[in-house]
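Please keep the sequence and the model in view while reading.

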Amino acid sequence: MRNPADPITTKGTAFDMSAASANTPEIKLKVNGLAKLYGQTTALDHVDLEVRTGELLTLLGPSGSGKTTLLQLICGLQEPTSGTVIIDGKDQTHAPVNKRDIGVVFQNYALFPHMTVAENVGFALKMRRLPKAEIDAKVANALETVGLAHAASRSPSQLSGGQQQRVALARCLVYDPAIILMDEPLGALDAKLREAMQIEIKRIHRETGATIIFVTHDQQEALALSDRICLMNDGKIAQLGTPRQMYDEPQNLFVADFIGVSSIIRGTVRAGALETAIGTLPIGGEGPADGTKGAIVVRPEVITLGEGFCEGRVRETVYGGSELRVIIDAGKQEIIARAPAQAGDVAVGSMVRFGWAPDTARFLADKG
Amino acid sequence: MAELSAKDTFSRKRLRADSLWLTMPGLVYMALLLILPAGALIWQSFIDPRSGAFDLTVYRQMFSAGVYVKVLANTFAISAQVTIVCLLVGYPIAVWLAGMPERRRRMAMWLVLLPFWVSPLLKNFAWIVLLARKGIVAQMLTGMGFDTQLDLLYGRGAVIFGMAHAMLPLAILTMLPTMLSIDGRLIPAAMTMGASRSQSFWRIFVPLSMPGVAAAGLLIFVMGLGFFITPALLGSPRETVIGQMMITQVQQLFNLRLGGALATLLLAVTLITIAVYDRFFGMSAVSGNSAAARRGGVIGAIGSAMIEIGAFVSDFVASLFPARLGRRVFTTFVWVVIAIMIVPVLAFPPMAFSGSSFLEFPPKSFSLRWFQTYLSSDQWMGATARSAVVAIVTGVVATIISGMAAYGLARTQRKAGGLIFLSFMLPMIVPNIVIGVSLFYVLAKVGLIATNTGIILGHTLSAMPIVFVILLTTFRSFDWRLLQAAGTLGANGWQQIRLVLLPLIKGGAIAAFLFGLLHSFEELTIALFVGAGVKQTLPKQMWDDIILSISPTLAAASVFIVAVVTVLFVIAEKARPR
């Protein structure tokens with residue numbers, strides 16, 4: 001939970017430079033004003049982004065937000081309309097894809113079906129004309145890292161989805177590229193396997209120190225994996241920060257809505273409080289100017305049930321094992337709260353009072 | 001009552017499990033009109049007609065006379081050369097098509113499909129005119145300063161060119177599906193790992209496209225072995241192939257024993273070729289089931305050597321010239337080939353409207369006299385009418401028989417399915433000319449020779465593979481749970497078929513019917529033997545005219561055929577589900 005004494009940064013730099021300034025990390029990838037237009041549609045709208053050496057950065061966003069376009073521009077599968085891509089201090093904006101020092105794990109892995117696992121992993125080294133003995137040693141090493149040393153001579157079609165995923169990863173690790181880009185690599189796996197692979201990727205990332213850019217539309221996955229998350233919307237960066245920053249300090253309503261679950265209550269500021277359809281709600285900290293339009297964002301876990309300054313009717317309860325999610329209709333406003341699973345006495349259709357400590361909610365002004 | 005209903009469910013269950021019986025009519029048809037006649041033809045070649053004893057005289061005669069061995073060698077060499085030309089020229093075109101976005105490819109496909117559906121007879125006929133001694137091509141070449149006494153026709157070169165031209169669309173259409181099945185991300189994946197464009201093409205795309213190339217090679221080679229139209233029309237006596245030999249033996253010398261022996265030889269060579277192919281590539285490549293070719297062995301070693309060389313050479317060439325130049329050369333090549341494929345189809349109409357009394361291209365005056373000749377000739381009109389009737393009946397019969405079989409096969413889980421599929425493909429594997437001669441032999445004994453019925457029986461047989469394949473794809477892509485869904489919603493068996501199944505397979509059925517019809521409408525070989533010169537179909541009439549004397553009436557008839565083919569094929573292609 002955020003300390004109430006912390007200043008709330010609604011605007012400003014994408015990530016907290018003061019924390020980083022003590023030990024300024026090396027910048028692996030720098031993207032400047034990168035834009036991509038398809039005819040009249042803007043897929044990517046002048047994006048600036050810096051990726052630090054050795055970090056795992058997630059490009060998160062709904063489909064059509066520009067995250068895949070950004071990925072393709074970084075690896076050179078597409079040409080940008082404007083802007084530059086700088087990898088290791090060198091301008092690579094117009095370098096052909098095979099001359100950039102990058103590795104890509106494709107959505108459905110794109111393993112070569114006519115080659116064995118070892119041949120797949122060794123392909124990049126062969127292209128770099130390494131001696132055969134060295135290729136063999138590096139391939140064995142990479143397969144060891146992903147735990148597939150025994151499968152070297154199999155064909156990709158004989159492997160399970162999770163194993164194919166590991167081969168795709170080993171195929172990148174083996175030639176130690178400057179950046180590894182992963183395009184929704186876990187999308188095709190089932191939930192259990194996906195979690196296992198997330199842990200696996202975290203381990204490999206820590207052990208190899210590789211710089212990884214990971215594209216996903218799954219916010220849970222992004223929160224679980226990332227050093228930092230870059231949330232995209234409409235071809236722009238909505239917010240860039242650590243998973244904790246994204247969850248606790250969303251800088252706009254899109255971020256608050258996209259990451260985690262929250263109730264968003266809209267209204268207008270009057271005398272340090274927000275006038276809304278469900279009553280006048282307190283705003284924590286320094287109140288914005290009168291007349292500001294905006295919304296209060298409340299996470300389910302901070303809402304207390306049974307007492308408080310609001311009232312609503314319980315529309316639905318959803319049992320989730322460790323918790324009970326309670327959906328409340330306060331007029332037309334939907335509120336999502338959380339009760340301990342043991343509580344069990346929240347009856348659907350009953351009236352319930354609820355509230356929250358003003359400091360635990362967050363006021364976000366509308367843009368413009 | 002209880003007993004009755006129990007019996008009812010029992011019989012229904014048995015029906016569902018055993019839908020394979022629906023393939024029976026088709027299998028019986030194959031047995032009676034393909035296996036039995038071919039067997040009988042081969043059998044009688046081993047039997048002395050007077051004593052009834054086993055006898056190898058015709059074979060001794062065949063192998064001792066140098067001419068037959070030479071003709072066999074000819075057939076082999078021509079077929080092999082045509083195969084190589086088709087693969088080398090067709091591969092880039094298929095690559096070009098495979099690289100297009102879906103929408104544009106559909107448009108571009110017409111450029112290949114139209115020449116595919118115009119029969120070899122028509123295409124070769126056009127080349128006779130275009131490549132003639134004073135023809136347009138010779139004039140152009142002379143204009144460019146080549147030898148004035150150019151003899152473009154009647155030689156090995158013309159035969160290879162004409163045959164390759166006739167079969168090129170088939171080669172392209174066979175290679176394309178494998179290429180389309182290659183995951184589009186593999187090339188970008190290879191390039192992110194540092195492979196150049198040509199490296200990734202040679203190391204990833206080429207090996208993965210090989211099953212399609214092998215399948216196309218087999219198809220072209222096997223069809224080439226039985227092909228006689230081009231050698232007869234564009235070749236000199238030195239290019240005589242087995243097919244022509246069989247026509248001479250059967251139609252002019254009435255030597256059915258030698259004809260049978262030649263058929264045996266042709267069939268044996270075909271089967272050996274298929275066996276060798278299966279040994280190296282596996283038959284699965286033909287049906288396009290496996291993406292990866294079998295590894296190892298001689299072929300594997302040659303293949304990887306070829307890939308290494310190809311990658312090296314194209315990298316070297318790419319380093320010398322800018323990439324844009326390479327693309328331009330490629331595009332130019334593609335369009336030149338497509339132009340050559342289409343030109344003969346487009347060359348007919350102007351020739352038919354010519355006012356002169358011999359065929360010329362380009363025509364020097366305009367008149368409709370040749371259309372009048374065509375329309376007022378009883379012979380031509382009779383042939384046209386017969387072809388139309390035969391084609392329609394063939395289309396209907398083939399669609400019904402194949403439709404039952406395709407339904408039965410699509411719904412079965414049994415192992416026998418593969419074998420049954422192969423049985424329905426037999427008329428494509430057995431050379432057409434062997435089918436023609438064996439039908440000639442057997443139908444004569446039951447009085448069906450020189451009858452429309454005989455021709456229809458033969459045409460239905462040879463139209464079966466294409467009709468069957470289209471219907472099978474249609475039924476295979478049908479989601480049978482839809483019928484169950486309709487059942488749970490209260491539809492009875494007949495309603496399920498009428499309201500759900502039929503509307504969804506209608507397109508495929510129409511396409512199958514029209515392609516069967518088209519096949520019959522353009523078929524020459526079987527009509528040549530079974531019609532026996534009495535019942536003339538349109539292609540047969542054309543064939544006779546081309547052999548005897550080339551007149552502009554032929555061009556008028558060709559225009560008619562090409563128009564019919566184009567219209568029907570456009571309808572069929574539009575109806576065909578994908």
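This is a predicted model: local features need pLDDT of at least 70, side-chain atom pairs count only at pLDDT 80 or more; totals for chains, interfaces and linings use all residues.

A crossing of two helices is called left-handed if the near helix is turned anticlockwise from the far one by less than a right angle, and right-handed if it is turned clockwise. Helix H5(B), residues 102-117, and helix H26(B), residues 552-575, have axes that come within 10 Å and cross at roughly 125°. Angles of 65 to 115 degrees count as roughly perpendicular and those over 145 as roughly antiparallel, so H5(B) is oblique to H26(B). The crossing of H5(B) and H26(B) is right-handed.

The residues that make this contact can be located directly. H5(B) contributes Leu113(B), Leu114(B) and Trp117(B), while H26(B) contributes Val565(B), Thr566(B), Phe569(B) and Glu573(B). By class, five residues of the contact between H5(B) and H26(B) are nonpolar, one is polar and one is charged.

The axes of helix H22(B), residues 481-488, and H23(B) come within 10 Å and cross at roughly 130°. That angle makes H22(B) oblique to H23(B), and the crossing of these two helices is right-handed. From H22(B), the contact is made by Leu482(B), Leu483(B), Ala486(B) and Gly487(B); from H23(B), it is made by Gln496(B), Leu499(B), Val500(B) and Leu501(B). Six of the residues in the contact of H22(B) with H23(B) are nonpolar and two are polar, with no charged residues.

Helix H23(B), residues 493-522, also holds Lys506(B). Lys506(B) and Arg576(B) are separated by 70 residues in sequence, yet their C-alpha atoms are 8.9 Å apart in space.

How does the radius of gyration of chain B compare with what a compact globule would have? For 578 residues, a compact globule would have a radius of gyration near 25 Å, and the 26 Å of chain B agrees with this. Along its principal axes, the C-alpha trace of chain B spans about 90 × 75 × 55 Å. Of the 578 residues in chain B, 43% are buried. Among contacts in chain B between residues at least 6 apart in sequence, 80% join residues at least 24 apart.

Chain A contains nine helices and 19 strands. Its C-alpha atoms fill a box of roughly 75 × 45 × 45 Å along the principal axes. Of the 368 residues in chain A, 39% are buried. Considering contacts in chain A between residues at least 6 apart in sequence, 65% join residues at least 24 apart.

Most residues other than glycine have a negative phi. Glu184(A), although not a glycine, has a positive phi of about 40°. Glu184(A) is placed in the loop between strand E7 (179-183) and helix H6 (191-208) of chain A. This residue counts as buried because it has 20 C-beta neighbours inside 10 Å. Asp234(A) likewise is not a glycine and has a positive phi, here of about 50°. The loop that holds Asp234(A) runs between strand E9 (228-233) and strand E10 (236-241) of chain A. With 15 other C-beta atoms within 10 Å, Asp234(A) is partly exposed.

Another loop of chain A, between strand E17 (333-340) and strand E18 (351-355), contains Ala347(A). Ala347(A) is exposed, because 10 other C-beta atoms lie within 10 Å. The C-alpha atoms of Ala347(A) and Arg315(A) are 9.1 Å apart in space, although the two residues are 32 residues apart in sequence.

The remaining topic is the meeting of the two chains. At this interface, 16 residues of chain A are in contact with 18 residues of chain B. Strand E6 (102-105) and helix H3 (117-127) of chain A each supply at least two residues of the side that touches chain B. By class, that side of chain A has twelve nonpolar residues, three polar residues and one charged residue.

Note on methods:
Residues are numbered from 1 along each chain as its sequence is written. Chains are lettered from A and ligands numbered from 1 in the order in which they are written. Helices (H or I, at least four residues) and strands (E, at least two) are DSSP runs, numbered from the N terminus. Two residues are in contact if their C-beta atoms, placed from the backbone, lie within 7 Å. Ala, Val, Leu, Ile, Met, Phe, Trp, Tyr, Cys and Pro count as nonpolar, Asp, Glu, Lys and Arg as charged, and the others, Gly among them, as polar. Axes are lines fitted to C-alpha atoms, for helices over the stretch in contact, and angles run from 0 to 180 degrees between N-to-C directions. Angles under 35 degrees count as roughly parallel, over 145 as roughly antiparallel, 65 to 115 as roughly perpendicular and the rest as oblique. The radius of gyration is taken over C-alpha atoms; the globule rule is 2.2 Å times the number of residues to the power 0.38. A residue is buried if 20 or more other C-beta atoms lie within 10 Å of its own, exposed if 12 or fewer, and partly exposed in between; C-beta atoms are placed from the backbone.
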